[in-house]
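Take a look at the structure first, and then we can go through it together.

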Amino acid sequence: MTVNEIIEKMIVYSDGNKHDIAHFLKVYTYARMIGEMENLPENEQKTLEVAAVIHDIACPVCRIKYGNTNGSNQEKESPRLVEDFLKDTDLDEQMKERINYLVSHHHTYTNVDGMDYRILLEADFLVNADESQMSQNAIETAREKVFETETGRRLLTGIYKLENM
């Protein structure tokens, strides 16, 4: 299954929620760009891209079940949803497991174990900082504590007009 087919499937899954669709498309775009510019291997790049598309798969369930989409609730609800979403795809089991891991940890900033994970965090932050109107100070702090890729740091600096370091 191609990434574009996963995107189409996720659009249908999103059931007309334009905010969710726009959000995952933005995260996917940044993740794809950062991964390519950081020269991820092809398999890791595809894993990253699929994870970026479905990273907020638990949001609809969380809205109903908890009344919010906070990160810990998403991480708790994601594993089963990701497994079900990917079960009919032709992605290999190792890739499905890694995608599930990434989606189920995309709000956890500690023990980041791989460039795909790091890039997903960075891409999601780039979008969330805008959507949540994060303060300049919080964005600068994230640049120091979250962003490790050169591409992600350049994007964050350019988008949010931070002083170059």
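By class, how many nonpolar, polar and charged residues does the lining of the largest cavity have? The lining has five nonpolar, two polar and two charged residues, where Ala, Val, Leu, Ile, Met, Phe, Trp, Tyr, Cys and Pro count as nonpolar, Asp, Glu, Lys and Arg as charged, and the others, Gly among them, as polar. Please keep in mind that this is a predicted model, in which local features need pLDDT of at least 70 and side-chain atom pairs count only at pLDDT 80 or more, while totals for chains, interfaces and linings use all residues. Residues are numbered from 1 along each chain as its sequence is written, and side-chain values use heavy atoms, with hydrogens and water left out.

**The cavity**
- On a 1 Å grid over the protein atoms alone, a cavity is a set of points where a 1.4 Å probe fits but cannot get out, and lining residues have an atom within 4 Å of a point.
- The largest cavity holds about 70 Å³ of space, a volume being the space filled by probe spheres set on the points.
- Its lining consists of Met10, Tyr13, Ser14, Asp20, His23, Phe24, Val53, Asp56 and Pro60.
- With three residues, α2 gives the most to this lining; helices here are DSSP runs (H or I, at least four residues), numbered from the N terminus.

**The pocket**
- A pocket is an open set of points with protein on both sides within 12 Å along at least five of seven lines.
- The largest pocket has a volume of about 170 Å³.
- Of its 13 lining residues, Asp56, Cys59, Thr69, Gln74 and Asn128 lie nearest the centre.
- This lining divides into one nonpolar, seven polar and five charged residues.

**α2 with α7**
- The axes (lines fitted to C-alpha atoms over the stretch in contact, with angles from 0 to 180 degrees between N-to-C directions) of α2 (residues 18-37) and α7 (residues 115-131) come within 8 Å and cross at roughly 135°.
- α2 and α7 are therefore oblique to each other, as angles under 35 degrees count as roughly parallel, over 145 as roughly antiparallel, 65 to 115 as roughly perpendicular and the rest as oblique.
- Their contact (heavy atoms within 4.5 Å) includes His23, Tyr30 and Ile34 of α2 and Ile119, Ala123 and Asn128 of α7.

**α8 with α9**
- α8 (residues 136-145) and α9 (residues 150-159) have axes 10 Å apart and pack at an angle of about 170°.
- That makes α8 roughly antiparallel to α9.
- Here Ile139, Arg143 and Glu144 of α8 meet Arg153, Leu156 and Thr157 of α9.

Technical notes: Helix = DSSP H or I, 4+ residues; strand = E, 2+ residues; numbered from the N terminus.
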